[in-house]
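Please keep the structure open beside the text.

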Amino acid sequence: MPSPKLKEALAVGGIALAAVAAILYRQIVQKRSPRASWLRTISFNGKWEKFVAVDPSQLLVITDFDGTITAGDANQCHDLVGTCPLLSQAFRDEFAPLLDWTTNTSIDGVEWWDKAHELMLKHGVPPRALLQRLVREARMPPRPGVLQLLEKLAAMNVPVLIVSAGLSDVIEEWLRLHEALTENVTVCSNRLNYGADSEPQSVSPQPPVTSFTKAATYKMAGAFFRHHMARRMIMVLGDSVSDIDAAQEVPYDESLSIGFLNSRPPTAMTKYADTFDAVVLGNGGSLVPLIELVELIEANGRVVEMELANRKRHLKMSRSFADFLSTVDGPIS
């Protein structure tokens, strides 16, 4: 007859096997595997194995927003504001040159963000009261699988830092709309400061968060990283090669990076493959494979929790027996 210890070990192993089996079964029954849109680099498999073995308490996620959490062809934060029919025609006309990617000489510089924010403050847009409607009526579909991923990370209490060159107000409203603005999510982006007014009075931080300044993330979100300094296994997600810079100064033991090529030309693939551990193809490239990894991490965490609980119970029983022996006079026959 199996001993109690053996029974507990079998139970723990059974839970782990059941979790893995469920994930594998789901992969098999899918008619079209999302894995088809993923290209893995040489480094990916080795890092996958390391992450599968970690406890959820070690995990931290850093992600971009536009074209990463949202689909590749979704409206981006500033573009959404600059073209919104709910805002004045005068503002849209003045903002339009910033969206002319063919002739605007400042399009690739930090000056672009300075000018965009200057125009928003000049025209007092977007009004605070319009933010919810502005986002609700925008074409900003979530990337396939991202809401399930965010829900899973929230349930596991894994910190998520969204580092975006967009607008915090738009991002938070989008997350709220999709019931994804959970306590584990922090947004590091350009924030419209309304104060007690209905119109934005300023934009922070200065200088702004841009595609070119993400290497300063560790400094900009210092309190976040100090609070989670024990989490040294990080996942980094982004649709631009500069998005990887958000983890540049962050202390970690291992990182797993996922890049989203979206609709960029095939010629960009080499740069993305050199930058990221895996590249997701297409505007609607799915996050399901990443969800599977997170589920395996969660399953590993449950096994670790059960093992710790068993150890504590055995320790408590041992101490209780030792206490009992200390009360007995003479040898026990």
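## Confidence and conventions

The protein has a mean pLDDT of 87, and 78% of its residues reach 70 or more; pLDDT is the predictor's confidence in each residue, from 0 to 100. Over residues 20-32 the pLDDT is below 50, and beyond near neighbours in sequence this stretch has ten contacts in the model, a contact being heavy atoms within 4.5 Å. Where pLDDT is low, the predicted coordinates should not be read in detail.

This is a predicted model, in which local features need pLDDT of at least 70 and side-chain atom pairs count only at pLDDT 80 or more, while totals for chains, interfaces and linings use all residues. Residues are numbered from 1 along each chain as its sequence is written, and side-chain values use heavy atoms, with hydrogens and water left out.

## The nonpolar cores

The largest nonpolar core has 64 residues, and Ile-162, Leu-175, Met-235 and Ile-258 have the most contacts inside it. Such a core is a set of buried Ala, Val, Leu, Ile, Met, Phe, Trp, Tyr and Cys residues joined through side-chain atoms within 4.5 Å; buried means under 20% relative accessible area, exposed over 50%, and partly exposed in between (1.4 Å probe, protein chains only). Helix 12 (residues 288-326) provides the largest share of this core, six residues. Helices (H or I, at least four residues) and strands (E, at least two) are DSSP runs, numbered from the N terminus.

A second, separate core of 13 residues includes Phe-224, Val-236, Ala-246 and Ala-247.

In helix 7 (residues 146-155), Val-146, Leu-149, Leu-150 and Leu-153 are buried. They lie on the same side of helix 7 because they cover an arc of only 95 degrees around the axis, taken from the directions from the helix axis to the C-beta atoms. Glu-151 and Ala-155 are exposed on the other side of helix 7.

Eight of the ten residues of helix 8 (residues 168-177) are buried, among them Trp-174 and Leu-175. The buried residues of helix 8 pack against helix 3 (77-83), helix 6 (131-136), helix 7, strand 3 (160-167) and strand 4 (185-193). After helix 8 comes Glu-179, with a positive phi near 55 degrees.

## A buried loop aspartate

Asp-239 sits in the loop between strand 6 (233-238) and strand 7 (254-262). Asp-239 counts as buried because its relative accessibility is 7%. Leaving out residues up to four places away in sequence, Asp-239 touches Asp-64, Asp-66, Gly-67, Thr-68, Phe-260, Asn-262, Arg-264 and Tyr-272.
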